[in-house]
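This report is meant for someone meeting the structure for the first time.

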Amino acid sequence: MTTTLPGPPATPQAASVPPDNAASLSVWPASARLAPRGDVAVGGVSLVEAAERFGTPVYLLDEGEVRDRCRAYVRAFPDTDVVYAAKAFLCRALLRWVREEGLGLDVCSAGELELAVTNGFPPERIVMHGNAKSPDDLSAALRLGVGRIVIDSAWEIARLSALVPDGARQKVLVRVVPGVSAGGHAAIRTGTDGQKFGLSLTDGSAQHAVARILGQPRLDLVGLHCHIGSQISTVKPYLTALRRMVGLLAQISHQHGVALPELDMGGGHGVAYRPGETSLDIAALGARIRRELASSCAAAGIPVPRLTIEPGRAVAGPAGVALYRVLAVKRTGDSLFVAVDGGMSDNPRPALYGSRYAPRLIGRRSTAEPCTATVVGRHCEAGDVLAAGAAVPGDIHPGDLLAVPVAGAYHLSMASSYNAVGRPPVVAVHEGRARILIRRESLADINGRDIGL
């Protein structure tokens with residue numbers, strides 16, 4: 001199905017090109033610096049030189065930014081298990097970075113799990129999620145010794161219990177839907193009834209699942225889990241969800257005489273994609289959640305459980321920059337379209353969620369009057385839009401370079417080979433060095449999977 005997004009505003013000069021000063025890099029990695037001739041350096045690496053060396057489209061991932069964001073979470077959440085959500089973006093180097101910074105890992109499939117464990121990630125520090133885990137997913141989790149499995153449906157209770165070997169017990173959490181609506185788009189709000197994840201607190205499904213698991217000798221219920229949505233920019237919905245989860249912990253304690261020792265509050269921490277947008281204050285979130293958890297448990301008369309959180313986008317997203325080459329510039333009526341050599345195959349978020357970005361011209365200085373354009377991809381879809389209402393110089397032309405910041409999460413991890421266009425490479429930048437982490441997908445790679453006639 002083709003998704004069509006709104007076109008740009010009718011007035012060509014409705015937005016201004018970002019000024020050439022440090023403030024214009026507010027949503028870029030902290031290492032980003034203005035360089036001569038309109039260039040920008042990230043991690044000490046020139047974006048123009050990176051485009052020439054590695055080709056376009058290409059993703060640059062700032063190792064220092066990833067590590068700094070991991071450290072910020074560890075500082076904001078002491079005595080907490082900080083678990084990186086691998087679905088945001090996963091590769092072997094990133095696994096090493098988050099492991100070395102003391103984070104655990106959240107996976108959603110046997111593939112993510114095996115990639116992590118076979119590259120040295122301790123399985124006991126891994127949480128496995130998924131609303132529809134296959135028998136292969138569950139078998140891999142048990143075989144590799146995953147630390148926690150999150151039960152997402154009543155069906156999983158018997159299915160998992162039957163797979164656990166005799167004499168063993170698997171630690172599990174129950175994913176609870178707390179009835180809290182939060183998130184930047186309906187497609188990423190997961191804290192209310194009527195969506196596919198979790199067991200409802202409102203209709204008693206969560207309570208029923210808890211009772212069933214407590215009766216399973218091969219399952220060890222160690223806590224509760226919830227995830228209320230993504231791109232959340234305020235603390236309040238987390239506090240509401242936390243109070244409801246503590247209420248369920250108290251109910252379990254009173255009804256079953258069991259004090260569950262763990263509470264996983266998920267992730268969904270919002271980041272700014274364009275200057276002026278709001279990011280979730282991680283330090284404030286940490287302080288207020290820990291304070292609320294202590295006071296709510298004291299009021300309920302139950303022990304304070306160990307807290308787990310699961311940031312993904314907030315760790316990897318702002319560390320990434322995507323580079324594209326302009327292929328065509330076309331005016332249709334009052335609309336200006338700037339077509340680049342990537343598109344929805346390497347970033348489906350605008351088509352899925354209407355996400356907004358702030359691309360920047362790289363590699364030359366322009367004195368032309370600014371204009372508003374729709375930056376589009378090369379694919380045969382009207383919804384192949386990378387940035388609607390983007391501010392670009394009026395003299396933008398084929399051959400120009402555009403850089404898109406905040407490209408480290410849910411881009412390559414959700415990418416496809418639509419129109420047989422290979423997925424871009426990922427290049428780590430750090431202290432002036434650039435190295436390939438994931439090579440560009442070639443036509444030979446795509447053809448190699450097609451083995452029948």
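Predicted model: local features only at pLDDT ≥ 70, side-chain atom pairs only at ≥ 80, totals over all residues.

An α-helix has 3.6 residues a turn, so residues three or four places apart point the same way.

Just after α5 comes Gly-145, whose phi is positive, at about 75 degrees.

## From α6 towards β9

Ala-168 belongs to the loop that runs between α6 and β9 (170-177), and with a relative accessibility of 29% it counts as partly exposed. Its C-alpha atom is 9.9 Å from that of Leu-142, although the two residues are 26 places apart in sequence.

Ile-289 is part of helix α9, which takes in residues 282-300. Its relative accessible area is 2%, and because buried means under 20%, Ile-289 counts as buried.

Which residues is Ile-289 in contact with, once its neighbours within four places in sequence are left aside? They are Tyr-238, Leu-239, Leu-242 and Leu-307. For Leu-239, which is 50 residues away from Ile-289 along the chain, the separation between the two C-alpha atoms is 6.4 Å.

## Backbone features in the loops

The peptide bond that leads from Thr-56 to Pro-57 is cis, and its omega is near -5 degrees. Pro-57 itself sits in the loop between helix α1 (47-54) and strand β4 (58-62).

Another loop, between β19 (401-405) and β20 (426-430), holds Asn-419, and Ala-420 lies in the loop between β19 and β20 as well. Asn-419 is not a glycine, yet its phi is positive at about 60 degrees, while Ala-420, also a residue other than glycine, has a positive phi near 55 degrees. As for accessibility, Asn-419 is partly exposed at 37%, and Ala-420 is partly exposed with a relative accessible area of 43%.

## The protein as a whole

Taken together, the protein contains 12 helices and 21 strands. Its radius of gyration is 23 Å, close to the 22 Å that the globule rule gives for 453 residues, so the protein is as compact as a globular protein of that length. Along the principal axes, the C-alpha atoms fill a box of roughly 70 × 55 × 45 Å.

Of the 453 residues, 54% are buried. Among the contacts between residues at least 6 apart in sequence, 70% join residues that are at least 24 apart, and the contact between Ile-289 and Leu-239 joins residues that are 50 apart along the chain.

## Surface and charge

The accessible surface of the protein comes to about 18800 Å², and carbon and sulfur atoms account for 51% of that area.

Technical notes:
Residues numbered from 1 in each chain as written. Heavy atoms only, no water. Helix = DSSP H or I, 4+ residues; strand = E, 2+ residues; numbered from the N terminus. Rg over C-alpha atoms; globule rule 2.2 N^0.38 Å. Buried < 20%, exposed > 50% of the residue type's maximum accessible area, 1.4 Å probe, protein only. Contact = heavy atoms within 4.5 Å. Areas by Shrake-Rupley, 256 points an atom, 1.4 Å probe, with all protein chains shown as cover.
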